[in-house]
Each structure stands twice: as structure tokens, then as C-alpha cells.
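Here is a briefing on one chain.

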Amino acid sequence: MEPSDHEEASVLYSPGREPKIVPHINANARKFIKSWCNDTIYETYESVFSEGNLETFWSAVVSIFLVGGVIGSLGGAWVADRLGRKRSFLLCGFLLFVGGVCFQFCQTLSSVELLMAGRFLVGLAAGLTTSTVPMYLTELAPLGLRGALGVFCSMGVTGGVVVGQIISLEEIFGTEEHWQFALSFYVILVVIFFVPYPWLPESPKYLFVIRRRQDEAVNELKRVAGKKVRDEYVREQIDAMRRECTPENDEESCGDGQKLFEVGPRPAAMAMGSLASWGCNFIVAMLFTTLQSAWGAFVFLPFAFTCVALTVLLRIYLPETRGKHISQIVPLVAKGFNSKPLESGWTLRLVGLGAITSLGASIPVGYNIGVINAPTEFIKHWSNETIYRRYNVLLSDDSLRAIIASIISIALIGGVIGSLQGAYLADKYGRKKSFLFCALLLTGGALCFLCCRAASSVELLLLGRLLVGLASGLTTGVIPMYLAEVSPIKLRGAMGVLCPLGLTTGVVVAQVASLEQALGTEEHWHYALGCFAVLNLFCYAFYFWIPESPKYLYSVKGDQAGSLRAIRKLFGRHTIGDDYIKLQMECANGQNSPSSQEDGQPQVNRSLWSVVRDPTLTLPLVLVCALQGGQQLSGINAVRIAHPFWRYPWQIIKR
């Protein structure tokens, strides 16, 4: 689907909540309009378009709508303040009407210029609509209904697209003779729903705050609320509008004399939002077709990443507005990007640290757990041939099975060794350097995998498996500890789940990458084993951006100043006092003998045997071992052993 199939429609909403459809060019009508443009230009200018020139001209027809949308968005703030919200609504309708007239008569007059003018006019109307109409509805609505009314414009856009698709069907107006009716059909709705325009109210907030017409604002407020509204309600609304006065109003008319720019900057803010919408729409329209040709179905991946990033942004920074007055909302966002994270505990660096450790260690480890499944038979065949060529030894079936078992099991041996050494490395070199060491081991293993086939070396394959096993043991021991120590108390559970989530994600990605349709083939299995190195290299670029664990610096190294710097990196200067006090209390409570150890002094590292013998740590050790071991005994990795036989059941029968 080309972008013009869904991006060339917009709606205009009246307070009657009915959509006004702006012309939509779908696949049925598009081919007829392009053919008509080609014929008309030849008849008018005696010029023959090549296929490339025709596509360029059609791109101009499509894009001029978006150009109009951008211009309309930029002018929305000026129009809303200069003409008022109600007259801005009327201007949108007028532009839509004139654009529809251009569409209706462009074929009769054989004028592609009229088609272009109509597209530009409805683009202007669309930009004005998306920047002024939601603002108009929001200012008319009472506090309890503001969210419900604010969503109508977005619903109308979607409804307009659906109706535009139906009208452009070949069974209706999507034909060579009637496509101009498909483009201009919406004019009927514009005329019908602009008949009650004289009865529509002006925005009371606009009249009171921007124009300083208090009497007119009260009258319009009564029209909106109804004649039976109580005087107390009117007074409450007027008092609320007084608190939203701009600094240009004097204290006598503004009441309490309070900065606030809730209504004053609102048109400009809506215009900027609309500009972002139409600007991004234009970018998609210009690039989508080219990217689709180059990437195929993967062209939708950037959109998926955008959705994820937008979800994270809104989850962290968007405050709850339901039932709150604008004067209550402004302080929640007044500190910029330091506003919401200070309340929730999430900061950009904390989120980034979780993402980097997951991408750089947890997901690659999970990947190596699952990737060995599919290409086992290819590895078995390659190992047999390689050993025969290099050592002139013909392996028996039992010997070959022992080689494959060694390739699989050596990663588990590495995992055990890495787990035993994880505590030593984490205390000796720190949590951050241990994470770097994990990534280096993973990268080294990936290089062994990528080179083993070219070097005809089974030893490189075994070495690679040992290295990723060591990294796996270190990762499962160090990374959860690192994430827990950098997290505030209330976010510790959320950060702690990233490591197991990354492991599971890595297994899934490995299963996909090792499919026969991807890299799970006889020629490419070594790429399947080593392609995870891309994630490690990506994360190296951010290594110096992430801080060391403040708790490690304070309680293990006794570095009070370094701990303070790490906290500043993680949470900023505004929360330094509270978090630092909590950190000191946690460290003090965790010391073996607080009375005999001075504040800020490093703790004595304890040996594995002393920890095992400590009765106060018996239950925690049992719980940790039960969770780790139980995860494996649940059968999560049993498929790795059974999988080759599922693919090749004849081997079992042969035996």
C-alpha cells in the first residue's frame, strides 16, 4: 500500500460531532486521475510525459496536500488568536468548500491546475483543522468531559478515511467518469453541518483570557452549559479562567494576579503539534515507496520502533490529567525532562543502562542457549569432514556423537566456571567492568564462530562455545546484581526482571535466526552462531555513559565521593539527598558488624565457604539456588537436546 492510500484524508469536526471528509485518493481513483492528468497535459500543452515524469507529477499532486497541511498548521496559532476559535472553524469549512469546487470542475474545464489548487486548499484546511478544532472542543468542554471531547477529532480522521475508501470504490465513484465526485463528495457534509454555524458559541476561555471580554465570556458559558445552569457553576468557571490569564492582563481583571500561560500559549502549542504531525506525514509520503522497494516487508520495522519509543516516552513523562485543572497539570511538567522521572524514579540514564545491559549481555546469552538447536546436524557433518581433512581420521558414529556432545556441553562447563568466578570479579573489578568483561567474552566467542569454518578448525568452535559459556555464567550472576544496585528501591523489581526477560528474548531470536529460511543452512550456520556480536559492538559505544554501582563503590570500595558521583549520574542533583541517605542506610544494615566498622569503610569480602556456613544466609541461598536450578529442571532447555532427534527421527529408528 502506498502512503497516498491512507495519508491523504482528514476531517473537520463540528460540535455536532460529524466528520467532514476531505478528498481521499485511493488505488481505484488514482489510476484514473493519473491517466486524466497525462491526457490533459498533452491536450493543453502538447507535451508528452514519460513514465518517470508522470510519477514525479503525481508525487507533486500527492505532496502538495501535505505542504498545505504544514502551512495550515503553522498558521493555526495566528488564525485562532486573530479570528477566534469559532471563526477559525468557519475558515476551515470555507477552504474545504472551495477545494471541493475545484475538484468538481477540474475535469470539466480540463485543468490540472484546478486539481492542484484543490489539493493545496484542502491541505490548508486539514492543517488548520488539526491545530484549532481540538483546541476549540477542549475549551468548550467542562473539566469532566474534556478527554471525551478531545478524542473526537482523532476518531473523525479515522472515520473519514474509512468513508473515503468506500466512496472511492469502483461500484460507487471510483470510475473513469466519476472520480471527481469521489473527490468532492465531502462538500455535501460541509454544507449540511455548517448551516447551524450562527448558533455555535465562541470559546469562553478565548473571550475571557485572550480578548478580555468578561461579559461575553459569561454569556457564551451559559449558552454552552444551558439556561438552567447554576450561578455557582458559572462563578467557578470564571474563577478558573482568571487563574489562566496571561501576564498582559491587569490584576483587577485577572483576580489573583498569577504566569500562567495555559490558554495564552495553547494555540502555538497546538500548531507545533499539528506541524509535527503533517511534517512527519510528508516525510513518510516521500520515503515510504523507496524504502518499501529496498527493504520489502521490513519497511515497517522503523514504525514498530517508533511505537515502542513513543510508549516509553509517554509512560515515563505523560502526567495523568483526568479530573485535574490545567493549573494542577502545569507544575507536573514545568521542570522539563526532570519532571516525571523525579516522581517515578525512572531516569533516561537508568532506562538506558537497563537497555544496554540487556542488549549487550542478557539477549546474547539467551541467543547462545537457543541457537545451537537447528544447525546441529550441519555442525555434525562439518566436524566430521573437517577432522578427516586435517587429521586423516575417520570418526565412528559414537566418536562423532561425543564430539557434538562436547561442543554442546563445553558451554555449560563454561557457565559453571563463570558463575563461580562472578562474585570474585564483581568485587575485585566492579559491576561495570564485569559487564564489559562479559561483552568481551561474548565478542571473542562470536569471532571464533565466524572464523571456524574458514579456518577449518573444530578447536575454534569449541573455544567459542567455552567463551560464551563463561560469559553466560558471569552474566546471570553479575548483571541482575548490577541492575538491582543501581535501581531505587521501588524500581528494583522492574529492573531485576530485565535479565531473565533478555534471556528469553535471546532464545526466541536465536530460533528465528537459525531457521532454514534465515541462517540455519549448511553454508551459513556459522553466521547464525556469531551474528549476536552486532549487539555487543553497539553497546560498547555507550559503555562510558553508564555509571558504576553506587552501592558497590560505597560498601565494597569505601569510595564515598565516587558513590555520590554515580548517584548524580543516575538520578540527577535534585534527588541526591534522599537517595544518598537511603543508600547509606541500606549499606549500614547490610554490614556484618556495624558497631565495629566505621561509616564509609569497605566491607570485608567473604569467601564462598564462609557464606555457605553462615546460618543467617541458609534460606536466601536455598531460594536463589532453587530459582536458578528449578528454571532448568522445568525443562526450558530440554528442547536443545531433543530438537535434533525431532528433526531427524530416522536416526533413532536406525539405532
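Arg213 is partly exposed, with a relative accessible area of 39% (buried is under 20%, exposed over 50%, partly exposed in between, with a 1.4 Å probe and protein chains only). The model is predicted: local features need pLDDT of at least 70, side-chain atom pairs count only at pLDDT 80 or more, and totals for chains, interfaces and linings use all residues. Residues are numbered from 1 along each chain as its sequence is written, and side-chain values use heavy atoms, leaving out hydrogens and water.

**Salt bridges**
- The whole structure holds eight salt bridges (a side-chain nitrogen of Lys or Arg within 4 Å of a carboxyl oxygen of Asp or Glu).
- Arg213 pairs with Glu216, with the closest N and O atoms 3.8 Å apart. Glu216 is partly exposed, at 39%.
- Glu459 bridges to Arg390, with the closest N and O atoms 3.7 Å apart. Glu459 sits in helix α22 (residues 458-486) and Arg390 in helix α19 (residues 376-391), so this pair ties together parts that are 69 residues apart in sequence.
- Arg431 bridges to Asp427, with the closest N and O atoms 2.9 Å apart. Arg431 is buried, at 5% relative accessible area, whereas Asp427 is partly exposed, at 21%.

**Nonpolar cores**
- The largest nonpolar core has 46 residues (a core is a set of buried Ala, Val, Leu, Ile, Met, Phe, Trp, Tyr and Cys residues joined through side-chain atoms within 4.5 Å). Ile33, Trp36 and Trp179 are among those with the most contacts inside it.
- Helix α5 (112-140) is one of the elements that give two or more residues to this core. It gives the most, with 13 residues.
- Another core, of 35 residues, lies apart from it and includes Ile408 and Leu503.

**Surface patches**
- Phe97, Val101, Phe105, Leu109, Val191 and Val195 form a nonpolar patch with about 530 Å² of accessible area together (patch residues have over 30% relative accessible area and no salt bridge; nonpolar side chains of Val, Leu, Ile, Met, Phe, Trp and Tyr are joined within 5 Å, like charges within 9 Å).
- Helix α4 gives the most to this patch, with three residues. Val101 lies in α4 and is partly exposed, at 34%.

**Overall make-up**
- The chain has 33 helices and two strands (DSSP runs numbered from the N terminus: H or I of at least four residues, E of at least two).
- Of its 655 residues, 44% are buried.

Definitions and conventions:
Accessible areas come from the Shrake-Rupley method with a 1.4 Å probe; for residues, only the protein chains shown count as cover.
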